[in-house]
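Visitor: Hi, could you walk me through this one?
Guide: Happy to, have a look first.

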Amino acid sequence: MLGLTALIAVAILAVAGSAATDQTAAPALNPDRYHHVAQVTWVVADVERVADYWQHLGIRDIHRDGVVNLPNLTYQGKPDPASVKQITAQVDALEIRWIQPVKGGKFWQDALQKRGDGLRVVSYNVRSSQEFDDQIKYFASKGVGVLAENSWQGHAGKGRFAYLDTTAQGGGNTIGLIDDPDARAPAPSTANDYPVGKITHFAWVVNDVRQVDAYYTGLGFKPFSAIDHNISLDRIYRGQPGVYEMWLGWDRTGDAPFEWVQQITGPDVYVEYQKAHGEGFHHLGVNVTDMDEAIKLMTTRGAPPTQLAAWKTAKGNKGRAVYLDTDPHGGVTLELIYSPQ
């Protein structure tokens with residue numbers, strides 16, 4: 001009996017010690033959560049006009065949600081109830097959420113006033129409410145608070161989203177977290193027209209690519225895989241020979257590359273963007289199988305090319321990148337990418 005009592009006492013102490021360790025353990029970044037962009041929040045002054053244009057470009061899987069009320073929204077910890085006109089679209093496994101603020105929503109209202117139309121938040125799904133809380137605690141330990149947060153009651157439980165305060169130092173990018181028990185893993189959409197069936201590339205224009213790299217590295221993300229001095233081949237800018245150069249920072253840890261562009265010489269579409277919007281999200285990339293045919297197709301849909309460039313692959317083939325004139329229709333450029341094998 002004495003032996004059994006001693007064993008029980010040891011077990012209780014071990015459990016208590018383990019619980020104490022868990023309570024004091026430092027929060028950690030979960031890099032798996034940031035492999036796939038689940039949603040982008042795209043803030044615009046006229047949601048119907050913008051959605052109609054992008055639908056004409058080939059994004060067909062669109063749902064008009066009407067006016068959506070967010071009574072539980074907060075901004076910097078204070079109540080900020082809002083209503084927005086909202087249209088959502090599904091492009092493969094990415095949700096696009098176009099938002100036109102109607103009332104409240106200081107984060108969205110300020111973005112529109114200061115920077116115009118544009119894609120403002122890149123969000124990631126978590127697997128559980130606990131993981132959502134853990135990631136919020138982790139970023140708080142790094143000095144990153146929550147800018148805006150909302151909650152709602154879903155069918156399977158309480159849903160939440162949070163916008164983290166990464167915008168100023170993170171190259172104009174706001175990281176979002178989504179805890180939605182009703183939509184843990186939405187099925188990919190196949191309803192959109194070529195070439196906008198899948199977003200394969202996300203890109204920002206920034207003031208200093210090395211500072212942005214250092215900021216995200218300091219938050220626990222992997223350093224950029226490369227920062228290249230880019231002088232493309234076959235440069236054309238709005239019908240004239242191009243002289244533009246830039247620094248390109250590459251983050252390839254996710255299922256679609258992130259590109260961070262620091263312009264060196266212009267003129268080019270990056271200079272145009274920065275004058276109109278400041279630092280921030282510049283373009284979405286899609287892959288094409290025939291660049292010349294894709295240019296013709298998108299021109300007929302209302303998106304002619306503005307800037308062209310090329311590069312040589314390791315096998316000596318020529319890859320091509322073409323920017324389309326879509327910025328006037330929502331503050332985001334669409335890029336066509338031809339990358340030969």
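**Around T88**

Guide: Beyond its neighbours within four places in sequence, T88 is in contact (heavy atoms within 4.5 Å) with D61, I62, H63, D65, E95, I96 and R97. This is a predicted model: local features need pLDDT of at least 70, side-chain atom pairs count only at pLDDT 80 or more, and totals for chains, interfaces and linings use all residues. Residues are numbered from 1 along each chain as its sequence is written, and side-chain values use heavy atoms, leaving out hydrogens and water.

Visitor: Which side chain does the T88 side chain make a polar contact with?
Guide: That of D65, at 3.3 Å; a polar contact is a pair of N or O atoms within 3.5 Å, where one must be able to donate a hydrogen and the other to accept it within protein, and residues adjacent in sequence count only if both atoms are side-chain atoms.

Visitor: Which strand is T88 found in?
Guide: Strand β5, residues 82-91; strands are DSSP runs of E, at least two residues, numbered from the N terminus.

Visitor: Switching to sheets, what is the order of the open sheet with β5?
Guide: The order is β2-β5-β6-β1-β7-β10-β9-β8-β3-β4, with mixed pairing; strands pair if DSSP finds at least two bridges between them. At the edges, β2 (62-70) and β4 (78-79) each pair on one side only.

Visitor: And how do β8 and β9 pair?
Guide: Strands β8 (146-153) and β9 (158-164) are antiparallel over seven bridges, with S151 opposite R160 in β9.

Definitions and conventions: Helix = DSSP H or I, 4+ residues; strand = E, 2+ residues; numbered from the N terminus.
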